[in-house]
Amino acid sequence: MNTLAYRREIDEAVDAANYAIKCLRKAHDELKGAKNWGIVDILGGGMLTTFLKRNKMNNAESDIAEAKRAMQVFQKELYDVDTRFQLDLNTSDFLTFADYFFDGVVADFLVQSQIKKTQREILLAIKKIEELRNQLLVL
């Protein structure tokens, strides 16, 4: 591969990394809102609070799905420059069900725990992508 083509592949990988980071940050922000509503829910917020929290969580799930697609593009671009990258983020469908149908303190704490876990995973993913992107920028 000539230098110009290689540079183009690096630029495409950097662009894909930036988009994945943007999606992950958006998901993290939505989860922050969900966590805040979750605290209100634990303190007795009721069905409206649960709905608002779930709305934030659904938005975050959409952002995570978009981030996964962006990371697949990023991974493809990394292959083009002989680098490997793998990442997986998951959310639990059971906790969604439990939060609505067994709305109570135990379910609320489980959901809060899942939100915090997912936020940690997102921050770790952002860190990994930023590290790889920064390595690409010095090539």
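Modeller: One term before we start: contact means heavy atoms within 4.5 Å. This is a predicted model, where local features need pLDDT of at least 70, side-chain atom pairs count only at pLDDT 80 or more, and totals for chains, interfaces and linings use all residues. Residues are numbered from 1 along each chain as its sequence is written, and side-chain values use heavy atoms, with hydrogens and water left out.

Biologist: Great. Leaving aside neighbours within four places in sequence, which residues is Arg 7 in contact with?
Modeller: Leu 136 and Leu 139. Arg 7 and Leu 139 are 132 residues apart in sequence, yet their C-alpha atoms are 8.5 Å apart in space.

Biologist: And where is Arg 7 placed?
Modeller: In helix α1, residues 3-42. Helices here are DSSP runs of H or I with at least four residues, numbered from the N terminus.

Biologist: Why does Arg 7 count as partly exposed?
Modeller: Because its relative accessibility is 28%. Buried means under 20% relative accessible area, exposed over 50%, and partly exposed in between, with a 1.4 Å probe and protein chains only.

Biologist: Switching topic: how do α1 and α2 pack?
Modeller: Their axes are 7 Å apart, at an angle of about 165°. Axes are lines fitted to C-alpha atoms, for helices over the stretch in contact, and angles run from 0 to 180 degrees between N-to-C directions. The two helices, α1 and α2, are therefore roughly antiparallel, a label for angles over 145 degrees.

Biologist: What classes of residue make up that contact of α1 with α2?
Modeller: There are 22 nonpolar, 6 polar and 11 charged residues. Ala, Val, Leu, Ile, Met, Phe, Trp, Tyr, Cys and Pro count as nonpolar, Asp, Glu, Lys and Arg as charged, and the others, Gly among them, as polar.

Biologist: Glu 77, then: buried or exposed?
Modeller: Buried, because its relative accessibility is 8%. Glu 77 is in helix α2 and touches Glu 9, Glu 12 and Ala 13, not counting residues up to four places away in sequence.

Biologist: What about Gln 112, buried or exposed?
Modeller: Gln 112 counts as buried too, at 6% relative accessibility. Gln 112 lies in helix α4, residues 105-137.

Biologist: Which residues does Gln 112 touch, not counting those up to four places away in sequence?
Modeller: Ala 34, Lys 35, Gly 38, Ile 39, Ile 42 and Lys 53.

How values were computed. Angles under 35 degrees count as roughly parallel, over 145 as roughly antiparallel, 65 to 115 as roughly perpendicular and the rest as oblique.
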